[in-house]
Amino acid sequence: MCGIVGGVGKGNYHDFLLNGLSSLDYRGYDSAGVTIVNEGGIKTYKVVGTVEDLIKKAPEELNGFVGIGHTRWATHGTPTLNNAHPIVSMHKEFVIVHNGVIENFLSLRTKLLEEGYAFKGETDTEIIANYLEYSYHHSDGVLTAIKKLILRLRGSYALAIIHAKEPDKLYFAKKNSPLIIGEGQGMNYLASDAVPLLSYTDKFIDIDDLQYGFLTSSDIKIFYKNDEVPKHYITKNVELLKKELNGYESYMLKEIEETPAIISRLCTNYFDGTEFKFSKSLIRSLKSADTIIFLSCGTSYHASLEGVRYMRYLGKASEAYVASEWAYEPVIFGKKPLFILISQSGETADLIKCQKVINDYGFINISVTNTPGSSIDRESTHSLLLNAGLEVSVASTKAFSAQVALLAILVGAIENRFNVIDHLRTLVDALEKITAQKENIDLIAQKLLNYNLLFFIGRGNDLIAAKEACLKMKEITYIHSEAFPGGEMKHGPIALIDHKTALIAFNCESMTNAAIRNNAKEVETRKGSIFIVSSEAVYRGGDVFSLPYVKPYIKVIPAVYFSQYLAYFVAKHKGVNIDKPRNLAKSVTVE
Ligand code: G6P
């Protein structure tokens with residue numbers, strides 16, 4: 001994964017590089033580094049750890065002509081200083097930062113070893129740096145060397161490249177990893193996303209796959225194959241990209257509590273009071289499709305599971321697949337399939353891979369993302385945006401609720417049923433009621449600290465809530481958590497229950513109320529502890545929480561909202577880093 005930043009033009013790069021990397025550390029935080037070139041030569045500062053650690057180590061002034069920076073999520077090679085970027089080529093002619101994974105790094109390494117190259121670390125990036133240097137020695141210039149590099153590399157890369165002899169230039173190349181350029185005044189910039197550039201420019205250029213080129217302080221040159229390509233400027237909604245804590249102690253808590261406002265905004269964005277605001281061709285495509293296939297990963301996959309229920313309600317055949325599975329064995333059924341790709345970031349590599357397959361077949365696909373201009377958003381037939389604002393916390397929260405709410409509005413639009421908007425407004429009130437009771441959720445969380453195994457169960461909609469609640473809990477608290485359908489417990493998991501096991505049972509459906517309570521009883525009988533989260537309709541004394549009433553088809557949202565708080569409070573009491581859980585990254589741009 002990883003995040004990259006770079007700039008060219010005379011100046012102090014301290015704030016640009018370090019603040020920029022801070023805003024990109026959702027892409028990984030195993031190690032970080034910056035390189036600056038000035039009259040004194042090339043200077044690199046690296047740490048194993050986070051950007052905050054790098055800020056402590058880097059000098060207060062980073063004056064130079066060109067600078068690059070990197071925050072890493074380790075793929076090839078453990079997080080060590082040698083493996084941290086920027087990476088210098090063997091003869092010190094090139095310094096590069098890289099986001100992506102090179103699949104054919106072994107064969108390139110072998111070739112380079114034969115050519116007398118030696119390696120200091122284990123990264124695929126060092127192979128790129130050395131291969132570039134090797135190609136440069138057999139080319140008439142850096143651009144030709146980059147062109148040769150592009151022909152040889154398999155996999156994904158967004159590269160920022162400094163050539164030691166040309167400190168007035170910052171070279172770049174891109175394939176399957178995001179890269180955006182910002183045109184400044186007296187300086188030009190690049191980064192993995194627009195956020196690091198917002199204080200410096202409002203003129204952006206998205207770089208497409210296989211494009212390469214260079215920036216100087218006053219010029220931007222972009223090439224594809226042998227030709228220069230024209231620049232297409234785009235703007236970004238600065239409001240939605242703001243990264244501020246606004247007095248909150250963590251982004252996760254802030255983002256959970258933004259959810260009601262986001263759902264209200266979705267209602268106004270997609271319904272103007274008299275009609276829904278989806279494109280006619282999108283609605284036509286959905287109506288005429290006989291099969292709806294959802295593809296996604298992580299939390300977005302759980303939103304897809306709700307989407308499947310909606311589409312089946314509309315009478316369509318529908319399934320949801322985890323993108324990393326579908327990418328290798330595409331399941332396509334029905335006479336007129338339509339794909340819905342759900343992704344908060346719009347950059348998840350496994351889903352991008354699926355989208356390529358879908359587009360190669362020529363099938364219609366609708367993207368539901370929170371990131372306008374992201375790879376998945378750009379390559380989809382129809383784009384739907386959550387407009388939920390930047391989600392910084394690695395554990396996705398507000399995006400889930402926004403995804404489900406947007407799918408619900410979409411169903412309303414297909415059926416021309418306006419009352420979905422009223423239902424969502426009731427939902428907003430319900431979420432605010434839950435927030436008002438968060439101290440009670442905190443008390444439940446404190447009890448969960450006593451257990452080393454957490455089971456989450458539910459049936460129907462509640463099963464989706466159980467799965468997402470379990471994912472949140474394991475992501476940020478590191479307590480071993482498992483989720484499964486209530487009825488499956490007796491088919492295996494029950495063997496694990498002892499006095500250190502707690503069961504969190506979501507029980508909001510009248511139809512399955514008795515069955516879930518029976519499942520809970522079975523756990524209690526085996527000395528496990530039970531925490532039943534029910535709804536007003538089925539509440540009984542002894543249940544730990546009663547979720548306020550909302551229409552059944554959207555009740556996964558309050559249940560998940562509750563569980564986001566629950567995981568948050570458990571993590572808080574454990575004293576772990578809530579926003580940056582170990583080993584994870586927000587945007588998973590590798591397979
Ligand atoms: C990572 C994040 C999760 C997210 C998943 C899918 O694992 O940590 O929070 O749900 O990726 O990401 P996407 O951006 O495609 O929704």
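**Notebook: aromatic pairs, ligand shell, single residues**

I took rings of Phe, Tyr and Trp (its six-membered ring) as paired if their centres lie within 6.5 Å; planes under 30 degrees apart count as stacked, over 60 as edge-to-face, and the rest as tilted. The model is predicted, so I kept to its limits: local features need pLDDT of at least 70, side-chain atom pairs count only at pLDDT 80 or more, and totals for chains, interfaces and linings use all residues. Residues are numbered from 1 along each chain as its sequence is written, and side-chain values use heavy atoms, with hydrogens and water left out.

**Entry: two tilted pairs**

I looked up Tyr-131 and Tyr-134. Their ring centres are 5.7 Å apart and their planes stand at 55°, so I logged the pair as tilted. Both residues lie in helix α4 (residues 124–137), three residues apart, about one turn of the helix. Helices here are DSSP runs of H or I with at least four residues, strands are runs of E with at least two, and both are numbered from the N terminus.

My cut-offs: buried is under 20% relative accessible area, exposed is over 50%, and partly exposed is in between (1.4 Å probe, protein chains only).

Next I checked Phe-276 and Phe-418. Their ring centres are 5.6 Å apart with planes at 50°, so this pair is tilted. The pair links distant parts of the chain, 142 residues apart. Phe-276 sits in the loop between α6 (251–270) and α7 (280–288). Phe-418 sits in the loop between α12 (398–415) and α13 (419–436). I noted Phe-276 as buried at 12% relative accessibility, and Phe-418 as partly exposed at 37%.

**Entry: ring cluster and charges over rings**

I found ring pairs linking Tyr-13, Phe-16, Tyr-189 and Tyr-200 into a cluster. I then looked for charges over rings, which requires NZ of Lys or CZ of Arg within 6 Å of the ring centre and within 35 degrees of the ring normal. The charged end of Lys-203 sits over the ring of Tyr-233, 4.5 Å from its centre. Arg-582 places its charged end over the ring of Tyr-478, 3.9 Å from the centre.

**Entry: the ligand**

Which residues come nearest to the ligand? Of the 14 around it, I listed Ser-300, Ser-343, Gln-344, Ser-345 and Thr-348. A residue is near if one of its heavy atoms lies within 4 Å. The shell divides into four nonpolar, eight polar and two charged residues. Helix α8 (residues 298–313) gives the largest share of the shell, three residues.

I also read off backbone distances to ligand oxygen atoms. A polar backbone atom of Gln-344 is 2.8 Å from one. For a backbone N or O atom of Val-394 the distance is 3.1 Å. For Ser-396 I read 3.4 Å, again from a polar backbone atom. Taken alone the ligand exposes 380 Å², and the protein buries 91% of that.

**Entry: Ile-457**

I placed Ile-457 in strand β20 (residues 453–458). Ile-457 is buried, with a relative accessible area of 0%.

Key
A polar contact is a pair of N or O atoms within 3.5 Å; within protein, one must be able to donate a hydrogen and the other to accept it, and residues adjacent in sequence count only if both atoms are side-chain atoms. Accessible areas come from the Shrake-Rupley method with a 1.4 Å probe; for residues, only the protein chains shown count as cover. Ala, Val, Leu, Ile, Met, Phe, Trp, Tyr, Cys and Pro count as nonpolar, Asp, Glu, Lys and Arg as charged, and the others, Gly among them, as polar.
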